[in-house]
Amino acid sequence: LGITHVLRSNEFHTTLQNNIRARLGLRDPIIIQYSRFNVKGSPASKRKLRPLIKENLVKGWDDIRLTTLKALKRRGIVPETIHALAVEMGLSTSEPIIDWSIIEALNRKIIDPTSHRYFFVPDPVKVTVEYAPQMTIQLRLHPDHEYGFRTIHTGSVFFIPRGDVTGEFRLKDLFNVKIGERGEDGLRGEFTGREMKKGLEKIQWVTEKNVPLTVEVPHELFIDGEYNPGSLEIVEGLAEEAVGDLVIDDIVQFERFGFCRIDVTGTRMRACFTHR
């Protein structure tokens with residue numbers, strides 16, 4: 001075919017192929033071999049992946065725990081990150097084990113400047129805040145770039161992460177709340193002022209106008225060579241109303257939770273956790 005140079009991964013048997021060409025009187029092309037990228041806890045070999053798919057241990061070639069191109073795209077790892085990783089690792093015949101943190105750091109640098117910010121509340125609990133002022137606030141879509149604002153109208157009912165409930169805290173960008181007794185339909189709280197108080201934890205929140213959202217969070221697929229049954233975590237929660245206007249493939253940052261790629265829209269939205 002007139003091929004002069006062959007670039008390929010190093011599992012192919014060059015010596016055997018050269019011998020066959022010599023016996024057939026064919027010339028040898030220049031062969032440059034290099035190793036695969038191996039990501040810690042995520043096998044890349046099709047020989048290892050096919051049984052996982054067949055046994056329904058992963059959902060398919062685009063399962064976000066895998067390192068196939070389909071899976072990386074679905075997780076929210078952009079093409080520019082793959083290119084940057086290849087440049088950083090270089091061509092080598094050794095087989096490096098890449099930690100996910102390297103991929104995440106490269107990807108974060110690329111997606112952070114363009115990812116809009118929103119609130120997402122995992123494992124939400126309802127809080128009714130007595131004496132809460134009704135407010136209309138505008139929150140920036142990005143802290144460093146002029147992408148505009150989203151407008152939120154607040155009343156006395158909020159949903160906050162169950163794990164963040166403390167005696168007194170600050171609803172981020174809003175006001176302070178002190179938790180009282182538990183009511184029949186959730187927690188009771190009291191408005192304690194708009195001024196910033198030193199030492200109060202700032203937590204995410206959504207109002208009664210919200211969007212149910214499921215987030216798939218991947219973890220290492222294999223630990224010490226063994227399949228990890230807890231490698232896919234499902235987080236149920238509520239996102240702010242504006243998230244309902246996002247479309248598939250949008251990559252956003254849910255503040256204090258992480259970057260996510262929108263995977264399914266509609267009445268029950270789903271997102272894939274990219275990284276923090």
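This is a predicted model: local features need pLDDT of at least 70, side-chain atom pairs count only at pLDDT 80 or more; totals for chains, interfaces and linings use all residues.
Which side chains meet in a salt bridge at 3.0 Å, N to O? The side chains of lysine 172 and glutamate 255 do.

**View 1. Lysine 172 and its salt bridges.**
Lysine 172 and glutamate 255 meet through their side chains, 3.0 Å from N to O. Lysine 172 lies in the loop between β11 and β12, and glutamate 255 lies in the loop between β19 and β20, so the pair ties together parts that are 83 residues apart in sequence. Both lysine 172 and glutamate 255 are buried. Lysine 172 also forms a salt bridge with aspartate 173. There the closest N and O atoms are 3.2 Å apart. Aspartate 173 is partly exposed, at 41% relative accessibility.

**View 2. Arginine 268 meets glutamate 236.**
These two side chains form a salt bridge of 2.4 Å, N to O. The pair links distant parts of the chain, 32 residues apart. Arginine 268 sits in the loop between β20 and β21, and glutamate 236 sits in strand β18 (residues 232–240). Arginine 268 counts as partly exposed, with 40% relative accessibility. Glutamate 236 is partly exposed too, at 40%.

**View 3. A network of salt bridges.**
Shared partners join Lys59, Arg74, Glu216, Asp249, Arg261, Asp263 and Arg270 into one network of salt bridges. In the whole structure, a search finds 23 salt bridges.

**View 4. The open sheet of 7 strands.**
The strand order is β5-β19-β20-β21-β15-β18-β6, and the pairing is mixed. The edges are held by β5 (117–118) and β6 (120–122). Each edge strand has a single partner strand, so one side of each is left without a neighbour in the sheet. Within the sheet, β15 (residues 210–218) pairs with β21 (residues 269–275). Their pairing is parallel and runs over 4 bridges. Threonine 214 stands opposite arginine 270 in β21. Helix α5 (residues 100–111) packs on the sheet. The helix touches β19 (251–254), β20 (258–264) and β21. Its direction makes about 115° with that of β21.

**View 5. Alanine 271 within strand β21.**
Alanine 271 belongs to strand β21. Is alanine 271 buried or exposed? At 0% relative accessibility, alanine 271 counts as buried. Beyond its neighbours within four places in sequence, alanine 271 is in contact with Leu213, Thr214, Val215, Glu216, Cys260, Arg261, Ile262 and Asp263. The C-alpha atoms of alanine 271 and valine 252 are separated by 9.8 Å. Those two residues are 19 residues apart along the chain.

**View 6. Phenylalanine 120 and phenylalanine 257, edge-to-face.**
The structure holds 8 aromatic pairs. One of them joins phenylalanine 120 and phenylalanine 257, with 5.0 Å centre to centre and 70° between the planes. Phenylalanine 120 lies in strand β6, while phenylalanine 257 lies in the loop between β19 and β20, so the pair ties together parts that are 137 residues apart in sequence. Phenylalanine 120 is buried, with a relative accessible area of 1%. Phenylalanine 257 is buried as well, at 11%.

Phenylalanine 175 lies in the loop between β11 (168–171) and β12 (176–183), and phenylalanine 191 lies in strand β13 (residues 186–191), so the pair ties together parts that are 16 residues apart in sequence. Phenylalanine 175 is buried, at 0% relative accessibility. Phenylalanine 191 is partly exposed, with a relative accessible area of 23%. Ring pairs link Phe119, Phe158, Phe175, Phe191 and Trp205 into a cluster.

**View 7. Arginines over aromatic rings.**
Which ring lies under the charged end of arginine 150? That ring belongs to phenylalanine 119, and the charged end sits 5.2 Å from its centre. Phe119 is also among the residues in the ring cluster. Elsewhere, arginine 75 lies over the face of tryptophan 100. Arginine 75 is there 4.0 Å from the ring centre.

Definitions and conventions: Residues are numbered from 1 along each chain as its sequence is written. Side-chain values use heavy atoms; hydrogens and water are left out. Two strands pair if DSSP finds at least two bridges between them. Helices (H or I, at least four residues) and strands (E, at least two) are DSSP runs, numbered from the N terminus. Contact means heavy atoms within 4.5 Å. Axes are lines fitted to C-alpha atoms, for helices over the stretch in contact, and angles run from 0 to 180 degrees between N-to-C directions. Rings of Phe, Tyr and Trp (its six-membered ring) pair if their centres lie within 6.5 Å; planes under 30 degrees apart count as stacked, over 60 as edge-to-face and the rest as tilted. Buried means under 20% relative accessible area, exposed over 50%, partly exposed in between (1.4 Å probe, protein chains only). A charge sits over a ring if NZ of Lys or CZ of Arg is within 6 Å of the ring centre and within 35 degrees of the ring normal. A salt bridge is a side-chain nitrogen of Lys or Arg within 4 Å of a carboxyl oxygen of Asp or Glu.
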